[in-house]
Amino acid sequence: MSVSAFLELILENRRFSDYVAHIHHTPSKQADIVPCPESLPPGVKRWLDQKNIGLYSHQAEAVNTVFSGDDVILCTPTASGKTLSFFLPFLSIRHIDPDATALAIYPAKALTRDQLRSIQDLEKETGIRVDPAIYDGDTPQHDRPLIRSQAGMVLTNPYEIHQILPWHRQWSSFFSRLRYIILDETHQYRGVFGSSMALLIRRLLRICGHYGSSPQFFLSSATLANPALFAEQLCGRKMRVIDSSGAPAGDRYFILYNPYQERAVPRSVYSESARLLAALVDSGLQSLCFTGSRRMTELVSVWTKNALFDISPGKAGSVAAYRAGYLPSERQELEKNLKIGKIRGLVSTNALELGIDIGSLDAVIMTGYPGTMMSVWQQAGRAGRSTSDALVLLIAMQNPIDQFFMRHPEGFFARSHEHAIIDIKNPYVLSGQLLCASSELPVRPEEDNTWFGDDISGHLKSLQSNGIVAGSARGYIYTGRKRASELVSLSQISDTWTVESGKKVIETLSLRQACREAHPGAVLHHQGMRYLIEGWDDERHRIKAINDDPGYYTKVNQQISVRILDRMAIRKVSSGDLVLGRVEVSECYFGYRKILDEKVLSSEPLSLNPVTFDTISVWIEFSPLKPSLVSKDRDLAGSLHGAEHSLIAMMPYHVLCDRWDLGGLSSASFPESDGKPVIFIYDGYEGGIGLSERAYKIYEDLCRSTEKMVHECRCSNGCPACIQSPKCGSDNQPLDKEGCIEVLGSITVPEQNY
Amino acid sequence: MSEADLAVIGRRWQERIEASPEYSVIANDNVFRLGFNQNAIKESVYCNLQNLLNNLCLKYEGYSVLEALPGEVFENDEGEYYKISSSHPCVFSSPGSHDIGLFLRQDLSLVRGIGKVTSKRFKELGCCNLSDLVKWKRFHKSAGNVLDILDDTPHSISRFLFARKGAAHPASLLTSCLHHHELFRFVDIETLGMFGRPLILIGLGFFKGVTLHIVQFLLREIGEEAAALSAFCDLIPDDAIFVSFNGKCFDIPYISDRLAYYGLSPLPDILHYDLLHPARRLWKNDVCDCRLTTLERHFLNCYRREDLPGALVPEWYARYMETENPGPLIPVVEHNRQDVLTLAILLFRLQQEWYERLRVS
């Protein structure tokens, strides 16, 4: 059955059609094939000719740009021939300089395996050797020296780069010949991790400079709102953005599907996903279903199989689940079977969102908005073979953002992609990365500011006074009593706590996560198992758990206090002052509730030290001059509280983040702001990660869309789809929906109306 | 950011370092727990060492390095460095080069394609040395090549043996007898860690006649490291030969990494006799571990009164840096000097032992 036939089938059946909120059609597009660039070596041109391969316009542009010596960031959809785009320019480089080496950095190990195969295939086909090799934690010791001296192209990941930079002497030959750095899936490098990554790249470039090389960059990324700025922040260079794809595409139908559609019987998101997937597989359309969690991946695949048993039992065996945590061999087997068409329906976590080559499919189901438009298009891109039609279904959850999209499809499809944020000035990240750099080569503030920025002297002095680096005429020298790359981890800057059951490590958490989810007495869910937390070993950062299911679940009670440290910027909005500044946040976890069937069984006290951290916040101080912020019959505290929740819920709509990356506080009378009503939103990470800065700039837009979302929600007194928050420390009390709308409205109403 | 904020960040790293010390002290000297810990120190030993440290700090309060550890300050292109010199008369004897030459010529397995079995069969046929083997048509050329090499310089012979037998093989060790003993450079370093941190002391021994001269480059401050490394390199001519204990894995790569850290020229690629492997092969059944101090005590008739475990060196040096009291450095320098001296004694002892053993077999 074709995609369009399936579409008709759904629209004719009221069981499904009642829930279709919108269908978006993207017409097909011809391939834009251009003549082969002159700069390619004769052998490559011959190969392209013989195989009758025409280059897409963006591929040729990439080749020409690299050849002219510029750096590139390529933002084209999935399956637009990225491998060839970055590989061909390297062949040109090697043609001129046969000793040139390349470094390809992928965010995940699985991607290097996948890419190595593609590159080896290209090597075989073109007959031009580049001697690619993987070098990561799994590379056997005895293979390493040979790879360092012989490989023309090394495929690795950021964690490995972090480890090998201090060993640069062994890599001196490779680094001195390094001409080309490939960074794939760069949109992964955002937020705190991206900030670490950006400084890691500067460490790498500093070493290259030491060995006399200055490699060119080739970045690939999902579509971003700010590719040029992002690439420049990540690598410290201005780059050419190539974002118009010359690859062909068939007709594409994007359905917004709402199980909570008005005037229809509410359905469960996951069972709907399973039913639709079963229907797709039954119609002969090869499909992929993305779910948000590992557990749901397993469940949806079981339900799909069960549904198929009822309609066409022979096809139930062609459905499988795929997620991180499976053995690599198992995953490769699944990828292969999907590619050759043996698997007709696969349920996956976002593990498959990364660029692993599984070919293209007929249809993709997304269970819930995946959090960013970037992910939406990455996942949607899995559907659609070059010329045939494709179907994409987004099945909405009951949360504010998903429901907002269902009510505003035109806004959804017109939405710009996210801004990827990197902050290389984040003091916690910078301090750690400087510490690592000082163990690679002495750090000289007067020269190394080109890499690490102008504020490094203060950091180095602070490290020196703590005995971690020593000053000398040659610069700052690392003297810490632990290996620098062990001391500083790339992905997280806070301490990690380990949950253990017996001798088994269950998971690692940050201190704040641990306070929320694994405090003494908490019931922790992990991989379908439940664990009761017995106690904390504060010194060793260990949390003891026993495998036990007491039946109830737990929720922590938390009180947040905020102290203003510094007002960095202030601007007027219609109902007060909007401030961007540094704050000290104290989260006090003072108790928890045991809950069974949504009923509180008991409240227990908890004595944990408050978690205190400095971060960046954006807050509004409402003007006291206004007669009143909300009408007389409304509750001010509840109105502000609701506004705080809903603003945080809508933040991911405007800024690339997750609502869990943010924290908030509201007060009807905040002492440090002369008793004015305030709403704080802050970055939930030590030092901040740039989210509040973005929010400061687009605060009115944020308020407008938030007001719209709350206003349009059908509930009467507030629900999880508007002003209730899943992480509220005071159990969503008090809340006032009407007042919340008034508060939000007051911020955006033009001045003259008052 | 204000200075106070930056100080908080710096302190966090320090706290994290302190949360995982480099060694653990084993309460009540519980021997059963010693085995599981890589850097374990018995509680009694640790207490004695703490007493020693306190006594040294009391004794050298107000002293300068120059007064406590007499040496001289020099300057090269990289800056100032501090050198402590001592000399030690050293009676030694090695098997003669002629004897070693004869011994090597009897080793048919130096020819590619001949292993233990073939070698034995040839000897039964009366083919006892390489000169006999040359007469066999099949090995005429290859045995001739080996004989040519054995007539070449000692350096060529050593490199050939290293390549053919492996550097750790006792026969390779015996080629050390062929070299003039003044070419040997006995090397031992003390560092602030296993990798990626400054070294604080380079000990280098070399012969002038029958006197072993030991120079020790001590860092009075970390900033002197580059100058000390450079001064060390100046004493390593291209025909010099390193002698070390586990130096192939540790000391020499460490020095190379530190040279690379400062962008200084790398060490020349010179011969290197690492005594760890020949010593382990010889004595592994007679001692519980093959540490230099253990071998000294059992086979070389030396006994150190108080010795400082390497794991404590960083902490003691840190104490010196904080207080500028040179007391904690005294045992570090002493330990290092003894190590270099022992290296020389060990080399000649191993030459003798292995020559006797291999000749018999």
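**View 1. Two domains of chain B lie 34 Å apart, taken between their C-alpha centres.** This is a predicted model: local features need pLDDT of at least 70, side-chain atom pairs count only at pLDDT 80 or more, and totals for chains, interfaces and linings use all residues. Residues are numbered from 1 along each chain as its sequence is written, and chains are lettered from A and ligands numbered from 1 in the order in which they are written. In chain B, domain 1 covers 72-93 + 179-360, and domain 2 covers 97-166. Such bounds come from an automatic or database domain assignment. Where the two domains of chain B touch, 5 residues of domain 1 are in contact with 4 residues of domain 2. Contact here means that C-beta atoms, placed from the backbone, lie within 7 Å. The domain 1 side of this contact in chain B has 2 nonpolar, 1 polar and 2 charged residues. Ala, Val, Leu, Ile, Met, Phe, Trp, Tyr, Cys and Pro count as nonpolar; Asp, Glu, Lys and Arg as charged; the others, Gly among them, as polar.

**View 2. Chain A is divided into domains 1 to 5.** Domain 1 takes 3-18 + 251-414, domain 2 takes 33-242, and domain 3 takes 427-487. Domain 4 spans 496-551, and domain 5 spans 558-753. The C-alpha centres of domain 2 and domain 4 of chain A are separated by 41 Å. Chain A holds 26 helices and 29 strands. Helices (H or I, at least four residues) and strands (E, at least two) are DSSP runs, numbered from the N terminus. The radius of gyration of chain A is 27 Å, close to the 27 Å that the globule rule gives for 754 residues, so chain A is as compact as a globular protein of that length. This radius is taken over C-alpha atoms, and the rule is 2.2 Å times the number of residues to the power 0.38.

**View 3. An open sheet of 7 strands in chain A.** The strand order is β6-β7-β5-β8-β9-β4-β10, with parallel pairing. Two strands pair if DSSP finds at least two bridges between them. β6 (132-134) and β10 (240-242) of chain A stand at the edges, each with a single partner strand, so one side of each has no neighbour in the sheet. Within chain A, β8 (178-183) and β9 (216-220) pair in the parallel sense over 4 bridges. Y180(A) stands opposite Q216(A) in β9(A).

**View 4. Helices α10 and α11 of chain A cross at roughly 60°.** Their axes come within 7 Å. Axes are lines fitted to C-alpha atoms, for helices over the stretch in contact, and angles run from 0 to 180 degrees between N-to-C directions. α10(A) and α11(A) are therefore oblique to each other. Angles under 35 degrees count as roughly parallel, over 145 as roughly antiparallel, 65 to 115 as roughly perpendicular and the rest as oblique. From α10(A), G194(A), M197(A), A198(A) and I201(A) meet Q233(A), L234(A) and C235(A) of α11(A). The contact has 5 nonpolar, 2 polar and no charged residues.

**View 5. Chain A meets chain B.** Here 32 residues of chain A are in contact with 31 residues of chain B. On the chain A side, α20(A) gives the most, with 5 residues. That side divides into 13 nonpolar, 14 polar and 5 charged residues.

**View 6. A cis peptide bond joins Q733(A) and P734(A).** Omega is about -15°. P734(A) is found in the loop between α25 (699-712) and α26 (737-748) of chain A.
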